[in-house]
Amino acid sequence: MMISTTTTTTTGAMSSRRTEPGIVRAFCAGRDLLGRYPQSLLGLAFRFAIAVVFWRSGMTKIASWDVTLNLFQYEYAVPLLPPEIAAYMAAAAELSCPVLLVFGLGTRFAAAALLGMTAVIQIFVYPASWPDHLLWGSILVYLLTRGGGLLSLDHLVSHRFMRTADQRR
């Protein structure tokens, strides 16, 4: 009886050791699979997501320009800029940069402009809204550092210029 208990315990321990490497293998396989997710799809999703945020804000600004000017004069009160100039600059950035991001054309430029705008909003306008600004900033820093990715006009243009430069040599 003692021998069979020892055997069962040993067999039980051995079977748990056999399953452990299987779990580790499954974890590693899952991690490797997730690691192969195309960054271009992530960049595309980020470009569209952040473009929608700023596009909607820009559309709200031009929907009622008098209200926008009033907000820039009394609520936003960005220092160093007259309210009218700040309103025009914000509307222009919020309506042009999202278009660039959607097409992936000048992605780094558009991301840098919107990141600067986000910093101004965070510091001078709505400092309590830092969770939203942190989210926007994170996406914009990703786009600034990684560019538009394979699914962008930036990629198409850069490869076109590289082929032209190679042909000239």
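Predicted model: local features only at pLDDT ≥ 70, side-chain atom pairs only at ≥ 80, totals over all residues.
**Overall fold**

- The protein chain has seven helices and zero strands, where helices (H or I, at least four residues) and strands (E, at least two) are DSSP runs numbered from the N terminus.
- Of the 169 residues of the protein chain, 24% count as buried, a term that means under 20% relative accessible area, with exposed meaning over 50% and partly exposed in between (1.4 Å probe, protein chains only).
- Among contacts in the protein chain with a separation of 6 or more, 70% come from residues 24 or more positions apart, contact meaning heavy atoms within 4.5 Å.

**Packing of α4 against α5**

- The axes of α4 (residues 83–103) and α5 (residues 107–125) come within 9 Å and cross at roughly 145 degrees, the axes being lines fitted to C-alpha atoms over the stretch in contact and the angles running from 0 to 180 degrees between N-to-C directions.
- On the α4 side this contact is made by A90, A93, E94, C97, L100 and L101, and on the α5 side by T107, F109, A110, A111, A113, L114 and M117.

**The two faces of α5**

- The buried residues of α5 are T107, A110, A111, L114, M117, T118, I121 and V125.
- Seen down the axis of α5, these buried residues fall within an arc of 125 degrees, so they line one face of the helix; the arc is that of the directions from the helix axis to the C-beta atoms.
- An α-helix has 3.6 residues a turn, so residues three or four places apart point the same way.
- The face of α5 turned away from its buried side carries F109 and I123, which are exposed.

**The loop at G149**

- G149 lies in the loop between α6 (130–146) and α7 (153–168), and G149 is partly exposed, with a relative accessible area of 28%.
- Not counting residues up to four places away in sequence, G149 touches S40 and H155.
- The C-alpha atoms of G149 and L41 are separated by 8.2 Å, although the two residues are 108 residues apart along the chain.

How values were computed
Residues numbered from 1 in each chain as written. Heavy atoms only, no water.
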